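I opened the model to go through its strands, its cores, its ligand site and a few single residues. My entries follow in the order in which I looked things up.

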Amino acid sequence: MKSHRLHYADWSWREYAAGATCLLTGRVKTGDAPRRLALAFAAMYAPSTAYPVNYGHTAIGIALSLFRTLQPARTEVLVPAYICPSVVATVERAGLVPVPVPVGADLNLLPEAVRQAIGPATLAVIAPHMFGCPARIGEIEAHCRQAGVFLVDDAAQVVGERSEGRLLGSFGDVGIVSFAQSKTVVTGVRGSGGVLLVNNPALDAGVRQAWEVLPAPHGRAAAFIGFVWNFMWSRHTGNSGYYFARLRDRLRGASATAPGPARISNLEASIALVQLGRLARIRAAKVDALETYHAALAAIPGVAIPQYAPGRYLSRIMLGLPADVDTAALRRDLARCGVETRLGYLESVRPHQPDDDELAAIRRMIGLPFGNLECGDISKICSILKSCLATARPALLESPLHETYQTAHQR
Ligand SMILES: Cc1ncc(COP(=O)(O)O)c(C=O)c1O
């Protein structure tokens with residue numbers, strides 16, 4: 001049985017070669033690549049300036065600390081109710097309070113909800129483009145500007161996409177990009193890179209000062225090998241990386257901790273430069289795959305890709321399911337048939353608020369294999385999905401008039 005696995009990076013031999021060259025020449029930690037990467041991003045996002053760092057959330061942390069010194073009386077940061085937990089943790093680490101704001105069916109902040117949530121204590125808004133789907137960032141920018149609130153244009157998951165003719169990441173005061181797995185530009189995991197874009201020139205000196213004191217990263221050779229072994233070659237290496245890590249922790253007497261804020265490594269900046277050079281190809285393949293999935297899923301009542309739009313780029317495909325499908329059982333059935341899936345972000349933003357129906361539907365969504373797919377793979381995955389759904393919920397496939405996810409969310 002062919003297995004259809006999740007995909008974490010669109011790499012050619014060139015990315016492997018860039019990483020291997022740094023390993024073999026001993027230029028893993030430092031070298032010329034971070035400077036060249038900063039220049040490449042600054043040229044692409046001009047007139048913004050670009051500061052390569054080790055994580056997207058390192059970039060957010062630098063920005064929030066600076067905002068805080070400029071507006072010390074303001075303590076709250078508006079974040080989407082559906083968000084990567086590291087963003088929330090970064091807000092808290094900066095001594096600020098994350099305030100969840102509702103998202104729409106496209107998983108992005110609703111501009112009107114942002115406008116209503118802004119209050120006298122609001123310091124900043126963090127507005128992501130979830131899984132690459134562009135948020136209504138121009139409207140959010142206008143609300144922030146009117147209220148005198150800082151805006152972080154969180155383009156962690158996208159590079160080179162535009163909205164209203166402007167690059168995502170270039171709106172507001174600062175933008176951020178992440179190079180972690182399943183983003184657009186991928187260099188590895190856990191501290192493999194990101195960029196802080198400074199869009200408001202008045203903030204540039206403060207950001208530069210904070211960036212200049214960041215330490216060099218460490219442990220990146222092992223992180224690169226770990227990424228290749230556990231993610232890129234997982235078809236062949238299976239769970240062996242997990243057992244190696246347990247053995248290592250046992251020998252060391254402690255488990256590895258996540259790296260703190262640092263600059264990007266030379267190795268990961270070298271891989272990012274290769275990825276930037278291949279961006280148009282990477283994008284075209286994802287747009288094609290999204291169109292193929294959309295066409296194939298039209299034959300399955302009750303499911304939808306809420307973030308789909310014709311010709312749109314997405315970094316991941318998240319599938320909306322009808323409310324009465326047991327997601328865990330469906331994922332188990334799909335796994336038995338060789339289709340690997342994943343969930344999105346499950347944690348609520350503190351203080352915990354009960355999910356409304358919309359958010360509950362979003363948390364039930366599952367990610368499908370998306371990338372490195374051969375001709376026919378997508379129709380095979382969709383036909384497996386259809387038969388697993390038929391087992392899980394026969395009435396759904398018999399009754400096209402049933403109130404389904406598709407009809408409820410694509411009005
Ligand atoms: C929307 C968004 N913002 C920020 C981040 C943080 O990026 P990093 O993992 O590089 O810190 C992520 C990570 O997944 C993300 O999805």
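**The antiparallel sheet**

I began in β12, where Gly367 is the bridge partner of Arg342. This is a predicted model, and I kept to its limits: local features need pLDDT of at least 70, side-chain atom pairs count only at pLDDT 80 or more, and totals for chains, interfaces and linings use all residues. Residues are numbered from 1 along each chain as its sequence is written, and side-chain values use heavy atoms, with hydrogens and water left out.

I then noted that β11 and strand β12 (residues 366-368) run antiparallel and are joined by two bridges; two strands pair if DSSP finds at least two bridges between them. The strands, like the helices, are DSSP runs numbered from the N terminus (helices H or I with at least four residues, strands E with at least two). Three strands form this open sheet, in the order β10-β12-β11, with antiparallel pairing. Its edge strands are β10 (317-319) and β11 (342-343), each of which pairs on one side only.

**The parallel strands**

I moved on to strand β4 (residues 122-128), which is mostly covered, as seven of its seven residues are buried; buried means under 20% relative accessible area, exposed over 50% and partly exposed in between, with a 1.4 Å probe and protein chains only. Strand β2 (residues 76-80) pairs with β4 in the parallel sense over three bridges, and I found Glu76 opposite Thr122 of β4. With strand β5 (residues 150-154), β4 pairs in the parallel sense over five bridges, and Pro128 has Asp154 in β5 as its bridge partner. From β4 the chain crosses through helix α6 (residues 137-147) to β5, and this β-α-β crossover is right-handed, meaning that, with the strands pointing away from the viewer, the path from the first strand over the helix to the second runs clockwise.

Why is β5 largely enclosed by the rest of the structure? I found that five of the five residues of β5 are buried, so the strand is largely enclosed. Both of its faces are covered, with Phe150, Val152 and Asp154 buried on one side and Leu151 and Asp153 buried on the other. In a regular strand the side chains alternate between the two faces of the sheet. I also recorded that β5 pairs with strand β8 (residues 174-178) in the parallel sense over three bridges, and that Gly175 in β8 is the bridge partner of Asp153.

**Nonpolar cores**

I took a nonpolar core as a set of buried Ala, Val, Leu, Ile, Met, Phe, Trp, Tyr and Cys residues joined through side-chain atoms within 4.5 Å. The largest such core has 43 residues, of which Leu64, Phe67, Val77, Tyr82, Ile126 and Leu196 touch the most other members. Helix α3 (residues 56-70) supplies the largest share of this core, seven residues. A second, separate core of 27 residues includes Leu290, Val325, Phe370 and Ile381.

For Val77 I listed the contacts (heavy atoms within 4.5 Å): leaving out residues up to four places away in sequence, Val77 touches Leu64, Val91, Leu96, Val97, Pro98, Val99, Ala124 and Ile126.

**Ligand site**

Which residues come nearest to the ligand? Of the 13 residues around the ligand (a heavy atom within 4 Å), I found that Gly56, His57, Asp154, Gln157 and Ser178 come nearest. An N or O atom in the side chain of Gln157 is 2.6 Å from an oxygen atom of the ligand, a polar side-chain atom of Ser178 lies 2.7 Å from a ligand oxygen, and for an N or O atom in the side chain of Lys183 the distance to a ligand oxygen is 2.9 Å.

**Two single residues**

Ser48 lies in the loop between α2 (33-44) and β1 (49-53), and I noted that Ser48 is buried, with a relative accessible area of 8%. Not counting residues up to four places away in sequence, Ser48 touches Ala42, Val198 and Asn199. The side chains of Ser48 and Asn199 are joined by a polar contact of 2.7 Å; a polar contact is a pair of N or O atoms within 3.5 Å, where within protein one must be able to donate a hydrogen and the other to accept it, and residues adjacent in sequence count only if both atoms are side-chain atoms.

Last, I looked up Thr237 in helix α9 (residues 234-237), which counts as buried at 13% relative accessibility. The side chain of Thr237 reaches the backbone oxygen of Trp229 at 2.6 Å.
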